[in-house]
Structure formats: structure tokens, C-alpha cells
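Hello,

Here is the structure I promised to pass on. Please open it first, then read my notes below.

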Amino acid sequence: MEQFVIKGGKPLQGHVTIGGAKNAALAILAAAIMTDDDVVIDNLPDVRDINVMLDAMGEIGAKVERIDRHTVRINGRNIEALSVDYEYIKKIRASYYLLGALLGKYKKAEVALPGGCAIGARPIDLHVKGFKALGAEIDIGYGLISAKAKWLAGNHIYLDKVSVGATINILMAATLADGKTVIENAAKEPHVVDVANFLNSMGANIRGAGTDVIRIVGVPALHGTEYSVIPDQIEAGTFMFAAAATHGNVTVHNVIPRHLEATTAKLLEAGCEITEYDDAVRVNAEGIPLRHTQVTTLPYPGFPTDMQPQMTVVLGLAEGTSTVTESIFENRFKYVDELTRMGAHIQVESNIAIITGVERYTGARVSAPDLRAGAALCIAGLAADGITVIDDVYYIQRGYESFEKKMQGLGANMELADSERAAQKFILKVS
Ligand code: UD1
């Protein structure tokens, strides 16, 4: 089993380049099968979730051709199966985007029902509500969700809760429906906008993505395109928080600073110096004491839930008492027990973490409970005294490309060890 081994205590310094947004790419890949023409997608991150999605697409008959590490050519002309297996859904929930894509194109689709996951129950009632409003019949049973329609007709859909997944899934199906669809209380995340831009580049007629009302006029068919995925705001934010926690000075390149405003605002409140450039952000925390603050996760443009564990790690090192309130997912503080083993003082009451800052974390052996919490534990290890060993790193590899290499580029003593022996060898070398 692979592990990350980290000798902490060294401020991160230098430059790091961010890859394409995983969550945008997952939806864009699914949407790529909605035309019979070739679609070329660039700036894909080379991470596990993307590779699972490509496998799921290959399995239903899409032609998937790797052009290089970050570029694929997709052709959805010969899709044979309209059913996506549990094997893929259990690895990545986002393979349910194939439901919206297939329903839009073929008016029929079936995917295994996604279950709960490490961070909460994650229902799909809003996706179902949207598909039904477009005229699909939905059947749920035997672990499957099946959708079929004679034809799809545009409709007015109000989402009772802001949901990225439901907004994107409905957007895809509505693109090939008859007439006009209005999605109200839509998610405004940058990846929703990216999916809409991608579909528009294929001939869709979508307006208002990035606001809470999206208007879609259905078109009969989509055509091929070439498209580059936006930079990953969560990967970028993770490196920004790593710079803060280690009192480093890091410039994060290939970002859209506007997408990082909530993260930047909280780092400023914590006392860091931030410099924004056209497509880069510098975080400087050298010799700067971190200050306490309050954070609540919210849909975009609020503070992202996917940055919550990384923020908590930073505030765990800030003077005074901070609070972090998780308002999106009900079970997203599981990593706190692991962080406590590294010396953090955090009490969780319902959906609020009350954090009393400590001067230092101490290295320990911990397990990554999920993708973002795993990255947060790495940040804690980089800031800690001594050695930290992180198990279950496959969670982190689901969403971060060459994580340890990018950290090494910033001067971190961090290695991916493929055996206990390799881990011991690294520890001897750095001790
Ligand atoms: C996406 C992201 C995930 C991020 C989350 C919130 C992807 C692949 N994943 O997940 O990394 O943490 O957005 O920014 O893009 N809800 C319902 N009914 C539904 C759907 C959602 O009640 O039908 C609830 C969820 O339980 C949650 C909230 O809505 O409380 C937001 O979830 P949603 O935005 O849908 O998250 P995902 O799209 O699953």
C-alpha cells in the first residue's frame, strides 16, 4: 500500500503550476458523448477519478483516445450500452453525469444508484426532480436509477437546494430537449460555467451560467469541438493553504484569481499577504503569525466545502479560537480525530469545529479519510515537527496529480513510498 511520508517543519517556497479542474472535467467528459462527432478535451488532470470516468465511457462504447497525458479525443457515435455499472459509480459518484448526457442524447439511460459516501448521505432527489420536469419517467429500484422519455420538453425547474451535480445533470439533458428550460436557484460554481461553455462550443444554447438562473433553449443536435478545461480552484487553494500553514512564500500559477476570492479573503483574515497577478496568486506567510477567524462553507461564491479541511488545518495553527461551520455536508469533520493525534485542539459540536490554535503540530501516522481531508493531513504533516506517515493515499490521488512532486518542487521533504521499507528508507535519509 502506498503512503505519503513527510518530514515537516520546512516553509514551502517557490512556484507551483495548477492543472485542470477535476470536477469540471468529469462533467465535460460525460457531456462529450452527446455528439456523434469527435471532441478533443485538453487540460485534463491526470488523476484517478478522471481515469475511472474514461473507463466508464469506454465501457458503454465511447471511443476514448489518449492524445497525451492531459488531452483526449472522445467519440460517442457508437455508444451501445445505455447503462452505467455500479463498479464505476462506487468509485466516482460523478459518473452519474452520464445519466444526464445519455438521457439528453438517447432519451434513455440507466446508472447504478450512488450510495452515501465518507462525507455524508448525498441524495439525488434534485436530479430526479429535474429529469421528471423535462418529461422523463424515472424508476428507482434494484440499486438502479432508470430514466426514459419519448421526448424531452423544456420546463421551469426550481432547485430547492443549490446543487452542483443536479444543475449540471439537468443542464445536459435540457440541452437536447424541445424548447426552453429555466433552472432557478442553480449552482454558480466555476465548473458549472465551464460545462455550459463547453456545451455552447458544441452548438448548445445556454445563457446565464454563473448566475442563479440558467436558461437553455434546446437544440436538435450537438457538433464536435476542441476545449480546454479551466484550472482547478481547489488544487490551487490547497497549495495556498500549504504555504500559509508552513509559513512559506509560494506563487501558484495557472489560476483564475476571481475563482479563489473566498480562499484569498480567509487567508488575508488569517494574516497572510496575498498578491494577485493575471493568472497567478502569491501567498506569503513568512514570519507572519497566523490569526484566528470564522469560516462557514457555502455554495459558490461562498467558501468551498472542498477547502474546509485545509482551512481547519491552517486555523489549528492560528492564535486564539476559530470556528469552522460546515453547511453543505453533514459528516465532513471525520479527519479531526486524525488531526487531534497530530496535536490539534479541535472540538466538533454538530456541524461546527471550534479550534484553539496550537503553536505546532507533531508528526504521527494518520489515514486519509477522503480526498480533501487527505490533502489537509498532508498540509498538517508539512507544517508539523517530525515525521508524518499518511495511509490510504489513493483518496488523495483521486484528485491531485503528482501531489508529492509538486510539494517537492516547493522544497518539501515528502515522498510517495510504495512499501514500508521505502518509507523507512526515506525516514532514515531525512532524519
Ligand atoms: C460537487 C463536487 C464536490 C463538492 C460539492 C459541493 C463534483 C464531482 N463534486 O458534488 O466536490 O464538495 O459539489 O461544492 O463536482 N443535495 C440534495 N439533493 C440532490 C443533490 C444534492 O439534497 O439531489 C444536497 C447534498 O446532500 C449537499 C448539497 O445538496 O448537501 C450540495 O451537493 P451538490 O452540490 O450536489 O454536490 P455534488 O454535485 O455531489
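The ligand is surrounded by 21 residues, where near means a heavy atom within 4 Å of it. The closest are Asp-125, Leu-126, Ser-163, Asp-306 and Ile-328. This is a predicted model: local features need pLDDT of at least 70, side-chain atom pairs count only at pLDDT 80 or more, and totals for chains, interfaces and linings use all residues. Residues are numbered from 1 along each chain as its sequence is written, and side-chain values use heavy atoms, with hydrogens and water left out.

Now the polar contacts (pairs of N or O atoms within 3.5 Å). Asp-125 places a polar side-chain atom 2.7 Å from a ligand nitrogen. Asp-306 has one 2.6 Å from a ligand oxygen. For Lys-161, a side-chain N or O atom is 3.2 Å from an oxygen of the ligand. Taken alone, the ligand exposes 740 Å², and the protein buries 88% of that. These areas use the Shrake-Rupley method with a 1.4 Å probe.

Next, the domains, whose bounds come from an automatic or database assignment. Domain 1 covers 3–19 + 231–430, and domain 2 covers 22–228. Both give residues to the shell around the ligand, so the ligand lies between them. Their centres, taken over C-alpha atoms, are 31 Å apart. In contact (heavy atoms within 4.5 Å) are 25 residues of domain 1 and 23 residues of domain 2.

Where does the ligand lie relative to domain 1 and domain 2? Between them. Look there first.

Best wishes

Conventions: A polar contact is a pair of N or O atoms within 3.5 Å; within protein, one must be able to donate a hydrogen and the other to accept it, and residues adjacent in sequence count only if both atoms are side-chain atoms.
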